[in-house]
Structure formats: C-alpha cells, structure tokens
Amino acid sequence: MEFRLLGPVEVWDQGRQLPIGGPKPRALLAGLLLGQERVVSVDRLVDLIWSEDAPDAARGLIQTYVSMIRRKLGPRTIETRSPGYLLRVGANQLDLQQFDRLVAEGRRAAAEGQREEAARAFLSAEALWRGPALGGIGDVLQQEAARLDELRLTIVEERISVELLLDRHAELVPTLAALVSAHPTKERLRGQLMTALYRLGRSAEALALYEDGRAALAEELGIDPGPELRALHQAILRSDPALSSQASPSPSRPIPAQLPRDIPDFAGRTDTIADLRPLLGGQRTAPQLLVLSGQGGVGKSACAIHLAHRVAEFYPDGQLFADLRGTSDNPATEQEVLGRFLGALGIEPATQPESPQDRGDLYRSLLAKRQVLVLLDDARNEQQIRPLLPGGAGCAVLITSRRRLAGVAGAHLTDLDVLDDEAALALLGAVAGAGRVAAEPQTAREIVRLCGSLPLAVRTVGARLATRRHWSLAAMAARLADERRRLDELTAGDVEVRASVGLSYRLLDEQARTAFRRLGLLGVPSFTPWILAPLLDISPDDADDIAERLVDAQLVDFVAIDAVGQPRYRLHELVRVFAQECAEAEDPEAERTAAVSRALRTWLWLIERFESQVPSGEITLSGHLVSSLPADALVAERVVANPGAWLEAEKPALIVAVARAAAMGLTSACALVTALSFSESFVANRLAEWGVVHQTALGAARRTGNQLAEAGLHAGMGQIFYRLDRFDQACEHLRLALPLFEAAGHVRGKAVVLASLGSAYREQCRLREGLEHLTASALIFRGLGDDLAIGATARMAASIHLELGEYADTWPLLSQAIDAYRRAGSDRGRALTLRTTSLAHRALGDYAAASDLSRQALDLFRRAGDPLVIAYGVQALVKAEIRQGRGTDYLSSIADALEVCRSHFDRYGEALMLRTIGEVHLALGQLELAEAHLMQSIAISEELHTPLPAARARRDLAALWQARGDAAEAKTQLIEAMTTFATYGAREYAELAPP
C-alpha cells in the first residue's frame with residue numbers, strides 16, 4: 001500500500017487507487033500521515049479539518065471518518081490511542097518519507113563532493129512530486145502544504161547548485177528561467193541563473209536579470225537585493241575570475257576560520273538543519289541571530305558546529321568561535337572573548353583597546369561591512385552574549401545555551417529535543433560500528449531506549465563499545481538496565497552524562513534544586529506544576545514559578561497544554577535518574593517519605609473531589625482508607641470539569657508514583673491504588689502496569705501488617721478484572737477481600753465487595769447468587785445512608801430480576817434506583833437506570849417506550865462525555881428501533897459503537913455490539929454478514945464464559961437459518977439456546993417455550 005501527500009492526497013494498493021471519500025476524510029488521513037507515526041489528538045484533527053468553524057458534532061465526525069478509512073484500508077491501519085489516533089506506515093509506503101530519505105542522500109553526497117550522486121538523488125526526490133502538496137482536501141492544512149512546497153523549492157535550489165558545479169549551464173538555463181519567472185523574489189534562484197548566463201558568455205543578460213530582480217523586490221517586498229546577490233552583481237561587472245574558476249579570492253585581510261572540526265559521525269537533526277540553513281544564508285537587514293537551546297547532552301554544540309560548516313560558504317569573511325563556558329564555575333568574560341575575536345580579525349593584542357566597551361565598539365566596526373559567522377557556544381545568559389553581537393547585516397550569530405535566552409531581541413529560538421529512534425540508532429552505529437548494531441538490532445533499540453535517545457548518552461555508550469570489542473550489545477544493555485548504576489555506565493574518557501546534568505543542577509537556586517530532587521524521587525515521567533506544591537509544601541503560585549525555573553534551566557521540558565488546560569512538563573529519563581540520586585544522597589528519609597505521601601494524598605483528594613462533584617453512578621472506596629490533603633482550587637475546578645481527560649493525562653505519572661510510594665511502604669500509596677482501581681476511566685489499556693503496581697502495594701501492605709490496605713487492594717484488583725471482563729479472576733480477588741474487611745471491622749468495604757461480587761456473578765449468569773450478594777450489600781448501604789450505592793445496588797438487582805423475567809420485582813427497584821441517584825445528584829446513574837428501564841420495556845414488547853427511554857439515557861450519556869457508556873446507549877436504542885423495523889438506519893452508529901468497545905478493550909461490549917450488528921444485517925436480509933457477526937459474538941461470549949449472551953446470539957442464528965430455509969439447522973441452534981436459557985433460569989425460556 002502506498003500513501004501519497006506530495007500532490008493530491010491518495011492511497012494506492014497494487015496499482016489501484018483506493019477511494020478514501022471526500023475532502024475531509026482525506027484531510028484527516030493527511031493529518032495522521034503528517035504525524036509521522038505519532039499519536040494525533042482528536043482536538044488537533046478537529047483544528048486541522050475545520051479550524052475555527054468546527055461543528056458541534058466534529059468529534060463524532062472524526063470518529064466516523066476514522067471508521068470510514070478503516071473500512072477502506074483495513075481495521076488495523078489506524079490505532080485508537082488516547083487522546084486520538086495513530087497511523088502506522090511501513091518503510092517506503094509514504095512518499096514524504098521517501099522524499100526525506102532521498103534528500104538526505106543527496107545532501108550527504110554533496111557534502112562529500114560526490115556531485116553526480118547528489119544530483120541523481122535530488123532529481124529522484126523531485127520526481128516524487130505530482131503537483132502542489134496535499135491537493136484535493138480543500139482549504140485545510142494550508143500552512144503544512146506551504147511548508148512542503150517551500151521545501152520542494154529548496155531542494156530544487158540545492159540540486160541546481162550541484163549541477164552548476166558540474167558545468168551543466170546550458171541545460172539549466174531554461175529550467176532556471178521558468179523558476180525565476182514563477183518566483184521573482186527568490187534571490188538564490190535568480191543568482192543561480194545569473195551565474196549560468198555569465199558562464200555561457202551572456203553577461204549582459206545576467207546584468208539585466210539583476211535589474212529585473214531589484215525592481216521585483218522593490219515592488220513586491222519593498223526591499224533591495226541582499227548582500228549575496230549584490231556581491232554576485234559586482235563580480236559580474238568586474239568579470240571576477242572567481243566566477244569562472246570557482247577559486248577562492250586571495251584575502252586582503254585576515255579571514256578567521258575558527259570553527260571546530262565538523263562532527264564526522266553526526267546523525268539526525270535533518271529537519272532542524274534544513275529549517276535553519278536558509279535563515280543563515282538568505283536576505284537580511286540586520287544580523288541573523290539563532291539560538292539553539294536544550295538540556296545538557298542533547299547535542300546543541302554538535303548541531304551548531306555541523307550547521308555552521310553547512311553555511312560557511314555564505315560567509316566569505318570568515319567564522320569566529322568562542323566557548324563561553326556558561327555552565328562552568330568560570331564563564332568566559334566579555335574582555336576575554338573580544339580580545340580573541342579582535343586578534344583573529346587582525347588587531348594585534350598590543351594595539352587592542354583596554355576597556356570592554358572600546359573593544360566592543362572596534363569589534364562591531366570591523367564587522368560592519370563584512371560577512372562573518374559568529375558561533376557562541378554554551379552561553380550562560382543574555383547578559384553574557386549581548387556585547388558579542390555584531391551590528392552588520394552581513395553577519396550572523398549562532399548561539400547554544402541550556403537556557404532559552406528569550407531576552408535576545410530578534411533571535412530565532414530553536415529547542416533541541418532528543419533524537420528520534422532512527423537517528424539515535426544511526427549515531428550508535430556510527431560510533432560503535434554499524435555492523436554491531438545491525439547484528440543485534442533489537443538490543444540496539446533497547447540501548448537507545450535506556451539512553452533516552454540523548455545524544456551524549458548514546459555517543460558515550462557507543463564509545464565504550466568501540467573500546468571494548470569483546471562486549472556484546474546485550475551485555476551493555478544489561479548493564480544499563482540497572483537504574484542505580486546506569487549513570488555510572490554512561491562514562492567514557494572525560495565524557496560523563498552525570499557531570500553534564502550536574503552542571504545545570506548546580507546553577508539552580510536552593511528551592512529549585514529541592515523541587516528537582518523531589519520530582520526524581522516521585523519518578524513521574526511527566527507532571528503539572530501543581531504537584532510541586534505538596535512535594536515542597538508550598539503555595540501553588542510558588543510551584544508555578546519553580547516549574548518555570550526548571551524549564552529555563554533545561555532540566556525539565558515543556559510538553560504541551562493537556563486536555564484540561566494544564567501545562568505538562570517532563571524530565572528526561574537520565575535526568576530523572578540523576579534527580580533521584582541527588583534526593584537519596586541529600587534529603588533525609590523522613591523528608592522524602594513525607595513529601596511523597598503529601599503528593600499522593602493530594603491526588604487522592606482530587607479523585608474524591610470529582611467523584612463527589614460528578615458522581616459516576618458506581619460504588620467506590622475512595623476516601624475511606626486514608627485521610628487526604630486538599631489541592632489548589634483551580635486544579636480541582638479543572639479536574640471536576642473533565643475528570644476523564646484529567647485521569648488520562650495523569651495515568652503515567654500516577655502509575656509510577658504509586659509504585660514508588662508502595663515500595664516505600666506508604667499507606668497513602670495503597671489507598672490511592674485502591675481509589676484508582678475503582679475509577680471508571682483509569683485502568684483501561686494499562687492492566688500489565690497496574691497489576692505490577694498492585695503486587696508492589698500488596699507486598700507493602702503485608703509487610704506492614706496493614707490488613708485494611710490489603711483488603712482494599714484485593715477489592716481494587718477485583719474491580720479491574722471485572723472491567724476487563726475477566727470475571728473468574730475478579731471473583732477470586734473479591735472473595736479474598738471480603739474476610740479481610742470483616743476482620744478489620746470495615747463495614748463499607750464489606751458492602752462494596754458484596755456489591756462487586758453480585759455484579760460479577762450477574763455477568764457469569766449466576767443470577768440468584770448475584771441477587772443474594774446485591775441484596776446483602778444494599779441492606780448495609782441503606783444503614784450507611786449512601787444514596788449513590790443504594791442506587792447502584794438497586795439498579796443491578798433490577799437488571800437481574802429482568803434477566804429472570806421477574807418484572808414485578810424489577811419495577812420497584814428501578815424506581816428506587818432513580819430516586820436514590822436523583823438524591824445523590826448522579827446524572828450518569830440516572831442514565832444507566834433509564835437504559836435498564838428501556839430494556840425492561842423492550843422485553844415486554846413496549847418498543848415505543850423503550851426507544852423513548854433509550855434516547856433520554858443517550859442524551860445524558862452524551863452530556864457526560866463518556867464514549868463507552870454512549871456506545872451502550874446507542875446499542876439499546878438500536879435494539880428498540882430494530883423491533884420497530886427502523887434499526888437498519890443505525891448501522892453506521894452501531895459500527896462506531898463497536899469500535900469504541902474495542903478501543904476500550906471491552907470484550908463483553910464488543911460481543912454485544914457484534915450481535916446487534918448481526919441483527920441489523922438480518923433485518924436487511926444480508927444473511928452472510930449477519931452470520932459472520934453473530935458467530936464472532938458467540939466466540940467472544942464463550943471465551944468470556946458468559947453463556948446467556950452466547951445463547952441470545954444463537955437464538956438470532958436460528959432465525960437466520962430459518963430465513964435460509966434450513967429448518968433443521970434453525971431448530972438445532974434454537975434447542976441449544978433454549979437449553980442455556982433453561983439452565984440459568986433466563987426469561988427467554990418462558991418466552992420461547994411452547995405453551
């Protein structure tokens with residue numbers, strides 16, 4: 001399969017173009033492809049497709065478009081990954097990836113003087129274009145399309161530069177003439193055409209072309225030609241021999257060339273170099289200032305040096321370099337650096353002014369009419385670099401710093417992140433040996449992961465492997481896997497990751513250092529500033545200030561504004577390891593445990609807060625195992641406004657933090673684990689990680705003899721397995737929790753476990769046992785006066801009576817549930833009860849009432865914004881509509897509901913949706929499709945050991961075989977279904993049994 005963006009957005013498979021739909025589905029596909037195998041959030045997709053004019057149903061339309069594309073390309077093409085979707089493409093499947101690869105090959109060949117190879121690679125890259133980028137999707141993604149088209153033109157310019165060096169002047173003139181006509185203000189193209197014409201003996205045309213360009217620039221942009229084009233014009237006027245021979249002119253004044261040698265094994269940063277190179281080589285009216293910032297070890301200096309060598313041709317008057325030692329205890333002074341620069345520019349030390357101000361004036365005067373590139377490495381702050389900035393428009397300054405230096409006026413700021421996986425692997429191979437990396441590719445990837453793709457760490461590991469040829473990559477990976485010795489392994493000669501991070505740490509103030517250590521102690525991969533308040537026991541405002549100081553020091557990175565409007569930051573893995581080392585070395589144990597406990601108790605308070613403000617309609621244990629600690633009011637407000645999104649954003653941090661705290665034996669960790677296990681939106685997609693956390697917490701509870709915590713953890717695991725439809729395991733943990741709660745005298749805990757067992761038994765079709773446990777639980781909750789729990793137990797008991805066909809007992813319980821949920825203020829609980837009530841009406845044949853109640857429930861579900869319960873609401877409505885002959889209009893809705901269940905790993909719901917889709921196809925007379933969906937539903941139900949849903953699907957199969965005219969097979973299926981109904985006392989037996 002081929003994906004194409006360099007022209008109209010298209011998908012091809014085996015020589016055939018696949019129909020993807022209209023402009024908006026194609027725009028969504030383009031947005032996912034441009035994500036470069038990263039998760040693209042639903043919000044981002046809405047912005048891309050509709051900008052500021054998004055309809056109210058935009059998020060639902062996104063889901064529809066995704067389903068449409070999946071049906072065309074295959075169900076696994078697009079993965080649902082919170083907070084959006086991920087599209088994976090294989091090697092060479094995307095034309096943009098092929099383009100990038102060919103461009104990289106061309107640039108590498110050009111840098112190595114292999115001009116024919118470079119020209120071929122550039123031409124192959126250009127041949128991939130079929131027209132303007134991202135065509136056929138309307139007026140969306142315009143900025144991205146413009147960027148790609150500009151990149152295409154840049155590659156054309158680079159190819160022409162190579163071909164000029166190959167003396168292909170005659171062949172290039174027609175092409176260049178067309179390009180200059182299409183882009184009259186592109187000075188590089190105009191200069192290339194002037195050069196080609198001059199070398200063909202057409203000097204007059206070249207000079208006329210310059211005048212045309214000057215007029216075009218004045219008319220369209222209001223500027224004069226830049227220094228490079230003016231210099232070319234003057235060279236043509238004086239018939240400069242350098243234009244013909246391409247030889248460098250003899251210097252009449254010193255031309256410094258102070259750049260450190262280029263990095264021979266430089267890897268990655270292709271996009272960064274491509275973006276910044278034109279800035280250093282184009283039109284300027286003032287010195288171009290570029291700042292490369294990033295954490296220690298991210299490769300700022302290497303990238304700057306590599307870039308400087310790539311643009312040195314634009315600065316014929318030389319290049320100046322200074323290591324400003326900004327992270328050391330002895331930073332370079334203005335006097336020192338200016339003295340060196342003046343000496344390189346031909347001013348003898350004895351004749352240099354004494355005062356820094358006079359030296360600065362002379363420095364700027366010397367550079368006023370020159371084209372010089374100044375590279376200032378490792379700047380401490382803005383004050384250090386300001387005296388070193390030239391004033392001439394022909395100059396440029398490239399600065400590296402661990403700080404962002406936002407105070408440098410007019411600077412182009414670029415933050416360097418760690419390398420992507422492929423670039424990091426390339427770097428490892430370049431240093432350690434490409435053959436060794438190729439021989440152990442998976443282990444090499446693991447090494448890169450353990451290094452966090454930090455260039456300094458990858459280079460250090462590569463250097464150690466290069467000097468230890470007898471070590472396998474697997475041995476190196478095993479040494480790095482131990483977190484406590486990882487930084488010890490990342491040392492080679494005088495290069496050490498720990499020392500690099502330590503330089504930034506030492507420059508922090510005391511409060512920021514403490515915050516940094518506490519973050520390392522908590523171990524979170526990402527965080528929001530409010531967590532620093534409980535960690536340091538300070539105000540939220542102070543926490544925000546400290547977070548920004550850590551960002552400025554490049555010890556933490558800003559990630560994004562998350563779904564609830566909070567800025568989210570992260571520590572690089574190796575930085576976090578260093579922070580943890582510092583915490584364990586510098587902070588007393590009592591302070592460490594107190595800080596972590598405060599953080600966990602604040603998380604717990606937030607969970608309690610949104611559960612009390614926005615009751616889920618389910619029974620929880622939050623707030624009943626340990627006291628909590630209030631959070632900032634603004635944070636609480638954001639959490640309550642969108643609890644699902646908040647929990648989703650916090651998941652990685654919570655999992656790591658509670659595991660760390662549980663290992664420390666903190667009771668607050670056990671309580672938080674239990675609270676999260678009962679959370680409606682927390683555990684999806686993370687069972688493996690959450691299971692490990694539970695085991696750690698259980699071990700801590702047992703070591704400390706905390707019976708109540710142990711009971712809560714077993715109850716939590718039961719809740720997790722219940723949500724994952726693993727009912728046998730759920731019951732096993734719940735049965736372990738029950739005697740522990742009883743022994744601890746925790747009445748509420750006992751009631752919660754009884755209710756959970758009742759629900760699990762219901763799903764296993766052990767209906768009478770489930771009813772018995774729910775009745776006992778309800779009695780306790782009535783004594784506690786817990787309306788939310790009263791509503792939940794009544795609703796579940798009513799659903800069991802409904803399964804049994806005991807309608808006289810069903811209605812009072814449903815009424816009781818509605819009243820209790822109303823008192824508790826739980827709209828979600830009322831919606832769940834309305835859905836169950838609609839099922840009762842449907843079972844009695846009152847389909848109009850069933851449809852009406854289903855719609856009411858669905859409206860409330862949509863208001864709550866929970867996609868999974870929305871899916872169940874849709875299913876109930878579709879079933880009622882099928883009974884009235886209208887369900888066939890809802891096929892796309894129930895198909896989307898199926899996708900939601902799959903994305904939430906809800907196998908029970910998946911079976912339910914498949915069965916309903918089968919019924920829709922059956923109503924449409926599409927018997928093969930109906931059979932396929934019903935058989936899938938049966939297979940899943942049997943896998944889950946839920947016999948009644950399987951029997952109901954078999955009853956539908958009987959109708960299907962009857963429609964096919966096979967009465968014998970229909971009878972076989974119906975007998976099997978009836979046997980199951982009779983075994984479990986289900987109402988269907990009485991409904992279907994002959995009178």
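Let's start at helix α26, which covers residues 540-552 and has Asp542 in it. This is a predicted model, by the way. Asp542 is partly exposed, because its relative accessible area of 35% falls between the 20% and 50% cut-offs.

## The whole protein

Now for the wider view. The protein has 995 residues, and 55% of them are buried. Its secondary structure comes to 47 helices and 16 strands. If you follow the C-alpha trace along its principal axes, it spans about 110 × 70 × 55 Å.

## Two serines in loops

Next, have a look at two loop residues. Ser472 sits in the loop that links α20 (455-467) and α21 (473-481). With a relative accessible area of 32%, Ser472 is partly exposed. Ser472 and Arg436 are 36 residues apart along the chain, and their C-alpha atoms are separated by 8.2 Å.

Ser826 is found in another loop, the one between α38 (807-824) and α39 (827-843). Is Ser826 buried or exposed? Its relative accessible area is 1%, and buried means under 20%, so Ser826 counts as buried. As for what its side chain meets, a polar atom there lies 2.9 Å from the backbone nitrogen of Gly829.

Terms used:
Residues are numbered from 1 along each chain as its sequence is written. This is a predicted model: local features need pLDDT of at least 70, side-chain atom pairs count only at pLDDT 80 or more; totals for chains, interfaces and linings use all residues. Side-chain values use heavy atoms; hydrogens and water are left out. Helices (H or I, at least four residues) and strands (E, at least two) are DSSP runs, numbered from the N terminus. Buried means under 20% relative accessible area, exposed over 50%, partly exposed in between (1.4 Å probe, protein chains only). A polar contact is a pair of N or O atoms within 3.5 Å; within protein, one must be able to donate a hydrogen and the other to accept it, and residues adjacent in sequence count only if both atoms are side-chain atoms.
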